[in-house]
Amino acid sequence: MLPILYIEDNRLFDTKGNAYAIYKIDSVPYAYQPNNTRRAIIHNLVRGITSNLTGEFLILLLTKQWSPEQILGKMNTISKHEIWRNHQKEVAKNLQYFLPFNRENLIVVPLGKKKFNIDLEQENVKDFFKQFLAGIKDVKESITPSQETIPLDRLERARRESEEIRTKLSSIGRVTKAKIADIEWWLKRSYFRGLQEPKNVLPMELPYQVTSESGRSILRPTRSIYMSLSDISGKEKATRMEFSHPDGSTSYQTFFTTANILRQPIPEDDPTGFEWIYGILEQNNFPIDCALHLRIDPPNVALSSVKDKKKIAKAQFDEWDEAGEDIPIELEEDLDTVDQLEQKLRAKNPLVFAKIIFGIGADSLDLLRERSTQFKNSASTFHTVVQAPSDMKRMFQAFYPFGESLPKTWEIPMDVGVLGAGVPFGSKSLGDPFGFWLGRLSTGRPVWMDPRRPAQELNSTNAIMIVGTLGSGKSYLMKYLSSMILSWGAKGFLIDPKGDTLPMANMPFSVKVLNFTAQSDTAFSPFRIGGLQDSRAVIEILFNTQDSEERQVLLNEALEEVFKSEKWDMYTFYEILKQNYSKEQDPIKKKEINLVAQRVRLMQQHEIGKMFFGRDTGEEAFKDDFVIAITRGLPLPDKTTPKERWTENERYAGAIMYSVATLGLRNLMSFPRSVLKYLAIDESWVLRRFEQGTKLLNEALRFSRSENLIPIIASQNATDFVARENEEDLTGLFAWKFMLHLESESQVEASLKILGMTDSISKDWVNRFARYSNGYGLVRDPEGRIGEMQVEVIPNRQLDRYFNSTPKEKISE
């Protein structure tokens, strides 16, 4: 039973007359971030505390971990497709060993020093924590809640004070007011540590009555807001807590406090590398909660406390010294720490007094013991942790502001810089809260991906970048993303320059294969790939490689006549050129028209050029679920060759790549916005070698959000995405960025730049990238977090039949 009287907005009122404001503060990406970014994160926290905050704060760094049943239940609502059902089955197996979790950061601040009066007609209210765990009693046995009231002027004072505190807290991060659902989750969550998340039942606004007593307006909750947990029995053991739930499950929990941290001094100019909070919470593959009870004293108040502590430490030092005994190193270090703190306080810096509690939960004793051992090993880098026997109840209550107070001897004085260096709000997580199983981080934590989320929730594009050379797993990843998105009911168009996606034609979707290879008999009309501007771009690539303005005018005149004709194809274009030649009086223009007409005539006999001579049968939009356009064997130009020096074969190949990409984009955009769509382009560098292709990619990226489109753009080299001179940088338009196997220093340097790891030294990463293979590499998610992860294709056996054109090989290009 929790002693809660009323909750209004982000404010909580307990049965003892205390009021609290609860806030959420966002986690910040920290792993693999540039050193200057890390330093800025630490310094911003230190500056925010130094300039704005004093008083008492409870910082709760909690984890939200869904159960396999909750995850699979949510997955079941997405799709019923065969591939998605099989994906769920494999995910269910993985969840037995790797459960995902996200971090939720709360700040609880007491409001006002004066308590409000609670009108209770009955005097049988027992102190909550006296009955706590002695067998949690039913709320009805403890109190008659209908007699509890709160003065309205007290509610208004709490509201105003809460807003003032929020303004101050905004200096340390992105702070928002907690909602009732957040508060209910927090109040219940500790009883479910290591188990599935508790269900919320409270309405968005709690009912109440307003009455007048003695001329004063009074709020009376119409029903108790006590959250009765009478069905949960709790027991305290020497080194753990046990909470038995009605469904037969048991939450086994243990707690640690910190006796000492960071004996070495922290350099102010570079405080990174001392992440005594982040380094524990984010480096393990299981959830760890942390409660930080902070008291921040202004310099004048703190200086007096430090002087007292110095006197005590000096007296102990003298006692050991006079006895002729070896002075404990801990005592010497205490004196050094006090001297450092005294210097800081004289510089007018506030002092932080921290009580630190770590909480671990599991659904079995064996798992709890295993996690405890792993925690102690990882904590030893920064902490001297203590698992205080018979203090488990007290440490459990430390995750609430109204529990039994922790001993003052557990309090650790520290400079604000030490707290900042702990990076309490730093995050190493990667990926979306939900979606499909993408893989796992190097720590073993699962990574989920929902390609729709950037546009739906983050005000971003949905675009995905994939970079990797031979053996990287680039093509396999593209196929995996394609299959997952298709299984959600999307429409897809994939451009494959190598032809190894052909087995995907056997997938259980409606699939159409377009073969644009030199040996095929495919023929299409370049005037039916989209609109007038799209056709103009193809004609420019084919017949105006020198960007002649005169020729451009003549081509546009003929093109416009085509669109006025009954048939829109190359045959009509050729006839119009001949007509314009006959009518033209200017000999120079006449010569230009004749040159283009002759190229068109000869083009029909060319093994690649003939593909542009498809008969116009009317505009055709593919209604298939999945269209694969294979462009294998086209003689694509060298990346270093400018467009004006392309050979005839290369010009035709470039025009086909552009036509196919345009056909895919326009076909997908013909579907309603409500339909999820994706466009996958491998070897996209070809399109960026000419103006029209760059514009097309830009359009696909910028309109992805409004069109419910997911562009998946892949290339072998990171430099293919880096803007050249006078080019617009498009890398910021990608939500996801995958950097897989790369070999040269220049490519590694470009990839680090794209990821935002600007001060990382590429030479240090060259060997690392060279070892990446088979879907392992560096990934940046839509929220700017970076991590090393392994892509895991699920279900592997089923999808491998569709992905692998050489089944005996592992994931490769």
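Helices and strands here are DSSP runs, numbered from the N terminus. The model is predicted.

**Whole chain**

Start with everything shown. The protein chain holds 24 helices and 29 strands. Of its 813 residues, 55% count as buried. Take the contacts between residues at least 6 apart in sequence: 77% of them join residues at least 24 apart.

**Stop 1: leucine 53**

Select Leu53. This leucine sits in the loop between α1 and β5. Is leucine 53 buried or exposed? Its relative accessible area is 6%, so leucine 53 is buried, the cut-off being under 20%. Leucine 53 and lysine 168 are 115 residues apart in sequence, yet their C-alpha atoms lie 6.8 Å apart in space. Show the other contacts too. Neighbours within four places in sequence aside, leucine 53 touches Gly48, Lys168, Leu169, Ile172 and Ile296.

**Stop 2: the second largest cavity**

Colour α1 (35-52), β5 (55-65) and β14 (289-297): each supplies at least two residues of the lining. Which classes make up the lining of the second largest cavity? There are 13 nonpolar residues, no polar and no charged ones.

**Stop 3: the largest cavity**

Rolling a probe the size of a water molecule over the atoms shows where empty space is left. Here the count comes to six cavities of 30 Å³ or more. The largest cavity has about 130 Å³ of space. Select Phe101, Asn102, Leu430, Arg445 and Pro446. Among the 14 residues that line the largest cavity, these lie nearest its centre. Two elements give two or more residues to that lining: β6 (101-111) and β20 (446-449). β20 gives the most, with three residues. By class, the lining of the largest cavity has nine nonpolar, three polar and two charged residues.

**Stop 4: α16 against α20**

Select 532-543 and 648-669. These are helices α16 and α20; their axes come within 9 Å and cross at roughly 170°. The two helices are therefore roughly antiparallel, since the angle is over 145 degrees. Show side chains next. From α16, the contact uses Asp534, Ala537, Val538, Ile541 and Leu542. From α20, the partners are Arg651, Tyr652, Gly654, Ala655, Tyr658, Ser659, Thr662 and Arg666. This contact divides into seven nonpolar, three polar and three charged residues.

**Stop 5: two loop residues**

Move to Asp547, in the loop between α16 and α17. Most residues other than glycine have a negative phi, and most peptide bonds are trans. Aspartate 547 has a positive phi of about 55°, although it is not a glycine. Its relative accessibility is 48%, so aspartate 547 counts as partly exposed.

Go on to Glu566, in the loop between α17 (549-564) and α18 (570-583). At 71% relative accessibility, glutamate 566 counts as exposed. Glutamate 566 and aspartate 616 are 9.2 Å apart in space and 50 residues apart in sequence.

**Stop 6: α22 and its surroundings**

Select 745-755 and 762-771. Helices α22 and α23 pack at an angle of about 105°, with their axes 9 Å apart. That makes α22 roughly perpendicular to α23. On the α22 side, the contact is made by Glu745, Val748, Glu749, Ser751 and Leu752. On the α23 side are Ser762, Lys763, Trp765, Val766 and Phe769. The classes in this contact are five nonpolar, two polar and three charged.

Which residues of α22 are buried? They are Gln747, Val748, Ala750, Ser751, Leu752, Ile754 and Leu755. Their cover includes β21 (463-467), β27 (734-739), α23, β28 (776-780) and β29 (786-791). Step just past the end of α22: glycine 756 takes a positive phi of about 90°.

**Stop 7**

Select Asn774, in the loop between α23 and β28. Asparagine 774 has a positive phi, near 50°, and is a residue other than glycine. At 25% relative accessibility, asparagine 774 counts as partly exposed.

Finish at Ile794 and Pro795. What kind of peptide bond joins isoleucine 794 and proline 795? The bond is cis, with omega about 0°. Proline 795 lies in the loop between β29 and α24 (796-803).

How values were computed
Residues numbered from 1 in each chain as written. Predicted model: local features only at pLDDT ≥ 70, side-chain atom pairs only at ≥ 80, totals over all residues. Heavy atoms only, no water. 1 Å grid on protein atoms, 1.4 Å probe; cavity = no way out; pocket = protein on both sides within 12 Å on 5 of 7 lines; lining within 4 Å. Points joined across faces, edges and corners; volume = space filled by probe spheres on them. Helix = DSSP H or I, 4+ residues; strand = E, 2+ residues; numbered from the N terminus. Nonpolar A, V, L, I, M, F, W, Y, C, P; charged D, E, K, R; others polar. Axes fitted to C-alpha atoms, helices over the stretch in contact; angles between N-to-C directions. Parallel < 35°, antiparallel > 145°, perpendicular 65-115°, else oblique. Contact = heavy atoms within 4.5 Å. Buried < 20%, exposed > 50% of the residue type's maximum accessible area, 1.4 Å probe, protein only.
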